[in-house]
Structure formats: structure tokens, C-alpha cells
Amino acid sequence: MTSPIDLAGFAAKFAGDDDPWRTFTARDEAVKRAAILHAIGHRPVGRVLELASGNGSNSAAIARMALRLDATEGTREGVDLTARAVAAWPRACASLLVLPGRPPRLVYDVIVIAEILYYLSARDMARVAREMAARLTPGGTIVLAHHRIDFYDFVQHAAGIHARFLAETGRRWTVRTVRRTRRWVVTAARPDDVPRSR
């Protein structure tokens with residue numbers, strides 16, 4: 001891990017290529033996306049928050065299941081790409097959210113966090129963890145999808161990133177592994193306790 005990427009680096013990637021990681025077209029990404037959707041559930045869900053939507057490749061799929069989707073992204077370039085991806089769904093909105101920051105709504109039934117945690121410092125990840133735990137409705141689900149192997153631009157190691165994130169919430173969780181491959185894992189976490197007052 002010698003050259004961590006920052007928001008300017010992500011912005012440059014999206015400015016140069018609408019799909020720099022081939023998230024719309026790669027078969028492995030489609031398999032991961034199907035796992036994320038499976039973790040959300042088969043029935044329509046109410047309010048869904050997506051962090052770090054990138055170019056909107058997951059957002060478009062999530063929007064089909066959500067009564068309301070707030071797809072947030074830390075770069076203006078990514079917001080524009082996400083807005084284009086979800087344009088067919090009037091109840092889906094793309095907006096700028098630099099992490100750690102506060103999402104648009106007070107509560108969500110599902111929060112999707114994919115391919116972002118290891119780009120955050122441990123301190124920023126802890127702040128995001130506490131914020132997301134406080135925003136989740138009782139009985140809600142946090143869906144986590146991340147690589148299991150390190151890449152050169154990570155700030156944190158990938159191994160154990162989901163467990164570290166959930167530990168930072170200060171809450172107890174029932175965690176289900178939805179799909180695991182050699183490269184990535186998708187988990188669904190539901191709280192076992194009542195959130196602390198803010």
C-alpha cells in the first residue's frame with residue numbers, strides 16, 4: 001500500500017473514463033451486484049442509502065428495489081455519472097457526500113456500503129460507522145461489499161474490514177455472509193440492540 005488514492009484521484013479517474021473499473025460490464029462485478037441485491041432482499045424496501053456510488057453501476061440496480069434511494073458520492077464527477085444511471089427512477093437521487101459526513105435523511109431502512117471503507121483512514125471509518133449505525137431504522141440492514149485482498153491504493157488493509165467497521169459502531173450485530181469469493185465478500189448486518197441516543 002504505497003500510493004493511497006484520494007478524492008482528487010477518484011475524480012480524475014471518472015473524468016477520464018465513465019467506467020474505469022468496468023463495474024457496468026465485468027462479469028465478476030455483476031455477480032457481486034447480484035449478491036448486494038440479494039442482501040437487500042427480494043421485496044421492495046423503503047429508504048435506501050448508498051455510500052460512494054461511484055459511477056452508479058450499483059445504484060441503477062438498487063433503484064429498482066427502493067421506494068426511495070439516496071445514492072451519495074464524494075466526487076462531483078461520480079455524482080453526475082450516478083445521476084445519469086438512475087435517471088429513469090424518479091425516486092432515486094444522486095448527491096454529493098464527502099465521508100465522513102451526514103447523509104441527506106435522518107433514517108434509512110437499508111444502507112449499502114461497497115468498495116469504500118479501505119479508502120478511509122481508521123479514524124474516518126469509525127466516524128462513518130457510528131453515523132450509519134445511528135441512521136439505521138430498527139430492524140434495518142447494513143449491506144457491506146468489499147474486496148478481501150489489498151490493492152496498492154488502499155489506506156487500510158482489506159482483511160477484516162467488515163468486522164472492524166461493525167465493531168466501531170459500538171453496537172451488536174447479527175451478520176450473515178451473502179456471498180464470498182476469493183476476491184471479495186458481501187455481508188448483511190442487522191442490529192441486535194437499541195441504538196444509543198445521539
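I began with the largest pocket and found about 890 Å³ of space in it. A pocket here is an open set of points on a 1 Å grid over the protein atoms alone, where a 1.4 Å probe fits, with protein on both sides within 12 Å along at least five of seven lines; lining residues have an atom within 4 Å of a point. The volume is the space filled by probe spheres set on the points.

A note on the source: this is a predicted model, where local features need pLDDT of at least 70, side-chain atom pairs count only at pLDDT 80 or more, and totals for chains, interfaces and linings use all residues. Residues are numbered from 1 along each chain, and side-chain values use heavy atoms, without hydrogens and water.

Next I looked up the lining of the largest pocket: 41 residues, with F10, W21, A114, E115 and Y119 nearest the centre. Helices α1, α2 (27–40) and α3 (57–63) each supply at least two lining residues, and α2 gives the largest share, five. I take helices as DSSP runs (H or I, at least four residues), numbered from the N terminus.

Then I turned to L7, which sits in helix α1 (residues 7–16). L7 has a relative accessible area of 38%, so I logged it as partly exposed (between the cut-offs for buried, under 20%, and exposed, over 50%, with a 1.4 Å probe and protein chains only).

I161 counts as buried because its relative accessibility is 2%. Its C-alpha atom is 7.9 Å from that of H146, 15 residues away along the chain.
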